[in-house]
Every structure is written in structure tokens, then in C-alpha cells.
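Work through the exercises below with the structure open. Try each task before reading its solution.

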Amino acid sequence: MPATAIDVRELVATQMDRARAFYNVDLKHLTEEQATQTVGGCSRSPLAFTQEVTGVNFFAAAVFRGEEPQQKTEAEIAAFQASFDTLEKLRPAFNKSVDQMISGIKSCPAENLDKTVMAPWGAPITVLDLAIVMVQHMFYHDGQLNYFQCSQGDGAFHWMELMPG
């Protein structure tokens with residue numbers, strides 16, 4: 001039986017969209033008040049780590065488009081966070097960041113996938129590895145959302161809302 005060629009860009013884009021869906025369904029079950037709370041007084045709030053996810057997604061999307069984005073200064077990061085200081089403001093930006101990553105990776109020339117670029121955290125990484133890490137990053141922080149929700153008494157598996165059957 002002949003093998004079917006798989007376009008890794010399409011595969012990664014599908015996973016980006018899936019990670020977004022899981023993240024969004026968990027965000028939907030947070031109140032604005034909960035979004036700014038921390039666990040144990042030392043963790044970041046769901047709003048804070050979702051701001052991070054959104055910002056690095058925008059950075060990665062620029063890389064996928066062939067741009068060379070620069071590391072953000074502390075002042076730029078603070079301004080970004082201040083502009084998305086509620087879930088109501090942040091959700092559309094989060095979704096836009098994932099849209100841009102998906103369109104960026106889909107349109108990225110195949111020969112650029114193994115090109116070494118600078119990651120948002122300042123380390124060299126290939127474009128394809130960055131795309132995979134961005135999926136993992138969204139799922140990692142979605143796990144934090146799940147843990148936070150559980151700490152608030154919400155033990156539901158909200159991602160099950162996305163499963164067929």
C-alpha cells in the first residue's frame with residue numbers, strides 16, 4: 001500500500017487549533033475575578049500566564065512568516081499585559097495569536113522548517129521545533145488552568161465538551 005504524504009505544517013496547524021480549543025473551553029469556565037487569583041500566593045494568575053501564551057504566540061507567528069522579531073523589553077511586556085488586563089480583552093487576542101500562528105506555519109515554505117531561528121526565550125531552535133513547542137506551551141498552560149480550576153472547587157473535565165459522543 002503506498003504511503004500518503006503528510007504535510008507536517010498541516011499537522012502542526014491542526015494541533016495548534018486543538019490546543020486553542022482546549023484552552024478556550026477552560027477559559028470559558030473562569031470568572032474575571034478568578035482569572036486574577038493565584039494559588040498559594042506564589043503562582044502566576046491564569047490571566048498572567050495566558051498573557052504570556054498570547055505574547056509568545058504572536059512572536060512565533062512572526063517567525064513562521066519569515067520575520068525576525070526582537071525580544072521584548074520589560075517595559076514592552078508590561079504595556080502588553082496592561083492592554084489585556086481582563087479575560088474579556090485577552091480572549092480575542094489569544095485567538096488572534098493562534099490564528100496568526102496557524103496561517104504562518106501553513107504558509108511557511110517547507111525548506112524553512114529546519115532553519116534555525118531565535119525562540120522567544122532567546123535560544124536557537126528550528127522553525128518546526130518552535131511550532132511544536134508552541135503547541136506544547138498552550139497545552140502546558142491549559143494544564144495550569146485545569147489545576148487552578150480544581151483548586152477553586154471546579155473538578156470538571158471541561159475539555160470533554162469537545163469530544164464526540
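**Exercise 1: a nonpolar patch**

Met-160 has a relative accessible area of 44%, so it counts as partly exposed. The model is a predicted one.

Task: locate Met-160 in the chain and find which residues make the nonpolar surface patch with it.

Solution. 
- Step 1. Check the accessibility. Patch residues need over 30% relative accessible area. Met-160 has 44%.

**Exercise 2: two helices**

Task: describe how the axes of α1 and α6 are arranged.

Solution. 
- Step 1. Two packed helices are described by the angle between their axes and the distance between the axes.
- Step 2. Read the values. Helix α1 spans residues 8-27. Its axis and that of α6 come within 9 Å. They cross at roughly 15°.
- Step 3. Classify the angle. Angles under 35 degrees count as roughly parallel. Therefore α1 and α6 are roughly parallel to each other.
- Step 4. The crossing of α1 and α6 is left-handed.

**Exercise 3: charged pairs**

Task: how many salt bridges does a search of the whole structure find? Then examine the pairs of Arg-9, Glu-10 and Asp-85.

Solution. 
- Step 1. Side chains of opposite charge can pair when their charged atoms come close.
- Step 2. The search finds 8 salt bridges.
- Step 3. Take Arg-9. It pairs with Asp-7, and the closest N and O atoms are 2.9 Å apart. Buried means under 20% relative accessible area. Arg-9 has 18%, so it is buried. Asp-7 has 32%, so it is partly exposed.
- Step 4. Take Glu-10. Its partner is Lys-106, with the closest N and O atoms 3.9 Å apart. The cut-off is 4 Å. This pair links distant parts of the chain: Glu-10 lies in helix α1 and Lys-106 in helix α5 (residues 87-107), 96 residues apart. Glu-10 is partly exposed at 37%. Lys-106 is partly exposed at 42%.
- Step 5. Take Asp-85. It bridges to Lys-89, with the closest N and O atoms 2.8 Å apart. Asp-85 is partly exposed at 39%, and Lys-89 is partly exposed at 41%.

Definitions and conventions:
Residues are numbered from 1 along each chain as its sequence is written. This is a predicted model: local features need pLDDT of at least 70, side-chain atom pairs count only at pLDDT 80 or more; totals for chains, interfaces and linings use all residues. Side-chain values use heavy atoms; hydrogens and water are left out. Patches are made of residues with over 30% relative accessible area and no salt bridge: like charges are joined within 9 Å, nonpolar side chains (Val, Leu, Ile, Met, Phe, Trp, Tyr) within 5 Å. Accessible areas come from the Shrake-Rupley method with a 1.4 Å probe; for residues, only the protein chains shown count as cover. A salt bridge is a side-chain nitrogen of Lys or Arg within 4 Å of a carboxyl oxygen of Asp or Glu. Helices (H or I, at least four residues) and strands (E, at least two) are DSSP runs, numbered from the N terminus. Buried means under 20% relative accessible area, exposed over 50%, partly exposed in between (1.4 Å probe, protein chains only). Axes are lines fitted to C-alpha atoms, for helices over the stretch in contact, and angles run from 0 to 180 degrees between N-to-C directions. Angles under 35 degrees count as roughly parallel, over 145 as roughly antiparallel, 65 to 115 as roughly perpendicular and the rest as oblique. A crossing is left-handed if the near helix is turned anticlockwise from the far one by less than a right angle, and right-handed if clockwise.
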